[in-house]
Amino acid sequence: MSQQPAVVIENLQKHYGDVQAVKDVSLQIEPGEIFGLLGPNGAGKTTTIRCLCTLTLPDAGKLEVMGVSVVAEPRQVRQRLGYIAQEVALDKVLTGRELLQLQAAIYHLPGKLAKTRIAQMIELLELTDWADKKTGTYSGGLKKRLDLAAGLLHQPDVLVLDEPTVGLDIESRSAVWRFLRQLQAAGTTILITSHYLEEVDALASRVAIIDQGKVISSGTPAELKANIGGERITLRIREFTPLEEATQASQMLQTLPVVQEVIVNSAQGNSLNLVVESESDALMTVQKALKEKGLPTFGIAQSQPSLDDVYLAATGRTIMDAEMAAASKRDMKKEMKQQNMKR
Amino acid sequence: MSSSSIQNNQLQQWKDDAIASPGFSEFVQETLALTKRLFIQLQRRPSTLAAGIIQPLMWLILFGALFQNVPQGLFGDNVNYGQFIGAGIIVFTAFGGALNAGLPVMFDREFGFLNRLLVAPLVSRFSIVIASAIFIAAMSLVQTAAIVALSAFLGAGLPSIAGLGLMMAIILMLVLGVTAFSLGLAFALPGHIELIAVIFVANLPLLFASTALVPLSFMPRWLSTIASLNPLSYAIEPIRYLYLHNDWTLSSIVMQTAWGEISMGMTLLLLVIFCVGSLALTYPLINRRIA
C-alpha cells in the first residue's frame with residue numbers, strides 16, 4: 001500500500017513587496033520521517049513554513065498536509081499541525097499549566113481528556129517542578145520545553161519546528177534533539193528548519209537545501225554528500241602557515257593524480273582543503289608527497305564531505321558566507337513585510 | 001521519558017472524530033479560555049483595575065468642580081452639572097476601555113503569541129473579539145457601578161432598576177462595537193506605535209465632539225452636526241435621559257439633533273446598527289492571513 005505523503009509542497013511562491021521570499025520550493029515529506037529544511041537565514045525557510053502553517057497565504061503553488069489543502073481547508077490543517085515558532089512566545093503572567101489549558105481549549109480538547117493530556121505532557125517534558133510557576137520566571141530551555149508541550153498537546157500528525165534550537169545552550173539543545181527522536185519513534189512526522197548543519201545532519205532522514213527562495217538540492221544527507229563525490233582532507237602544514245608556503249604546497253599537491261582540488265583557507269591559518277578521490281589511499285599519498293618536499297605536518301585529517309560542502313558546491317558559498325550577506329538585507333525585508341501588511 | 005506516553009490513544013480517537021465537526025460549544029470553549037486569560041492577567045496585575053476605577057472618578061469630581069458655579073438651569077430645569085456629566089463620564093470611560101482593547105492583541109501579535117491562536121483551529125476568530133469584549137464589558141460595568149455610586153453620593157440621584165438595566169445594555173453594545181473596531185485595527189495596522197497614534201487621535205476628539213460635556217444646543221452648528229453623527233452621543237443621551245427622568249419609555253424623545261428628534265428606541269436601534277456594522281467591518285480584517 002502506498003502511503004499518502006504527510007506534507008506536499010509544490011512550486012510554492014511567495015513575495016513580500018518587492019522581495020520574492022520564496023521563488024520555487026517543492027518538497028514531499030513521508031509520514032514518520034524527520035525532514036530538514038536547511039539554508040542560511042533569509043533563504044525562505046520561515047516563509048515556506050508560514051505558508052504551510054496557514055499563517056500566510058501563498059502567491060502560487062500547492063500545499064497539502066495529510067492530503068488536505070492548506071489554502072482551501074485551513075482549519076482542518078490547523079488541527080493536524082503543530083507549530084513551534086522560532087521565538088518562544090509565552091504570556092509571562094500565566095503559569096505553564098495555565099498556558100497549556102488555554103492551548104487545550106483552543107484545540108477544543110474536551111475537559112477530562114485535556115486534563116490527562118496536560119499532565120502527560122508536563123511529565124514527558126519534565127516540567128513538573130515548574131508547571132505552576134509563571135512562565136516569566138523560566139529559563140530559555142524551560143520555555144522551549146513548555147512550547148514543545150503546547151505544540152504537542154493536541155497530538156499533531158505533523159510537527160513543524162522553525163529553528164528549534166536557536167539560542168539554546170548545548171545541554172538544552174541535545175535535550176530537544178533527544179526528544180524529537182523519541183517523537184519520531186512514536187510516529188510523528190517532523191519538519192524542522194535549521195541553519196545548523198550538524199542539527200540537520202544529526203536528526204533528519206531527508207534534507208532539502210534551500211537558498212534564495214529555491215530548493216537547490218534534496219535527498220538523504222548521505223546521498224547529497226555522495227553526489228558531490230570525493231572526500232575531504234584538511235591539512236595544516238604549520239599552525240599558522242605563511243601564505244607563500246601554503247601556495248607552494250597547494251601547487252605541488254595539485255599535481256598529484258588523487259587530488260581533484262585544493263583551496264587555501266585563509267580564515268584558518270592558511271590551512272589547505274583538499275578534495276580527493278574517495279576510493280584511493282589519498283591520505284597516505286599526500287603525506288608521502290609532503291615528506292618528499294621536506295614540508296612539516298601540523299595536522300592532517302580526512303573526512304567525508306559535509307552538508308556545508310554540498311551547499312558550497314551548489315552555490316559557491318558556505319552557509320556562513322550566505323548568512324553574512326543575508327544579514328545586511330534583513331532590515332529591508334522586514335520593512336517590506338510591514339508595507340505588505342498595510343494593504 | 002518513555003516513548004509510550006507521547007501518544008495518547010484516547011486523544012487519537014477523539015481527534016479522528018473531532019476534526020470535521022466544530023460547533024457552537026467549541027466556539028464557547030475557545031472564547032471562555034481566551035477570556036479567562038484576560039481575567040488572570042487582571043488578577044495578577046490589579047493596578048490596572050485600580051487605575052481603571054480611580055480615573056473616571058477623578059474625571060467626575062474634576063469636571064463637576066469645573067462647572068460647579070454655572071448658573072442653575074443652564075443644562076435643563078432643576079439639573080445641576082453633576083447630574084449632567086455622569087452619563088458623559090460613564091460612556092467616555094467604557095469607550096476608552098474598548099478603544100484600547102486592541103493594544104494587548106497588538107502586543108500579542110508583536111511578541112508572536114497571536115500566532116499561537118492563529119495556527120490553532122479556532123471555530124472563528126471572532127472568539128478573540130468576543131473574549132476581549134466580555135473582558136472590557138466586565139471592566140466597564142465595574143467602572144460604571146463606581147461612577148453611578150459616586151454620582152449618587154454627590155447628589156445626582158439614581159436611575160430606576162429598569163433604567164439601570166437599559167444603561168447596561170447600552171454600555172454592552174457600545175463596548176462590543178468599539179472593541180471590534182479596535183481589534184480590527186490591531187490586525188490591520190503595522191505595529192503598536194500606529195495603533196497608539198490612532199487611539200490617541202480618536203479618543204479625546206470623539207469626547208469633545210459628542211454630547212458628553214455639553215448639550216448639542218451649546219455647540220456651533222458644525223460641531224453639533226458632528227456630535228449628532230457621533231455614536232458616543234447615541235449612548236450618552238439615552239443614559240442621561242434615564243438619569244433625569246424616571247418616567248421614560250422607548251418613545252421618549254432623548255435627543256434634538258440637527259435633523260430632528262430621536263427617541264430612546266431609535267438610539268438603541270442606531271447602537272445596534274453601529275455594533276453590527278463594526279463587527280462586519282472587522283470580520284475581513286481579523287480573517288486575513290497576516291504576515
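Among contacts in chain A (heavy atoms within 4.5 Å) between residues at least 6 apart in sequence, 68% join residues at least 24 apart. This is a predicted model, where local features need pLDDT of at least 70, side-chain atom pairs count only at pLDDT 80 or more, and totals for chains, interfaces and linings use all residues. Residues are numbered from 1 along each chain as its sequence is written, chains are lettered from A in the order in which they are written, and side-chain values use heavy atoms, leaving out hydrogens and water.

**Chain A**
- Chain A has twelve helices and 14 strands, taken as DSSP runs (helices H or I, at least four residues; strands E, at least two).
- Of its 343 residues, 52% are buried (under 20% relative accessible area, 1.4 Å probe, protein chains only).
- Its C-alpha atoms fill a box of roughly 80 × 50 × 45 Å along the principal axes.

**Interface with chain B**
- 59 residues of chain A are in contact with 46 residues of chain B.
- The buried area is about 5,000 Å², with 58% from carbon and sulfur atoms; this is the accessible area (1.4 Å probe) lost on putting the two parts together, summed over both.
- Three salt bridges link chain A and chain B (a side-chain nitrogen of Lys or Arg within 4 Å of a carboxyl oxygen of Asp or Glu).
- One salt bridge pairs Arg37(B) with Asp91(A), at 2.7 Å, N to O.

**Chain A side of the interface**
- Helices that each supply at least two residues include α2 (74–80), α4 (111–124) and α12 (319–342) of chain A.
- α3(A) gives the largest share, seven residues.

Terms used
Buried < 20%, exposed > 50% of the residue type's maximum accessible area, 1.4 Å probe, protein only.
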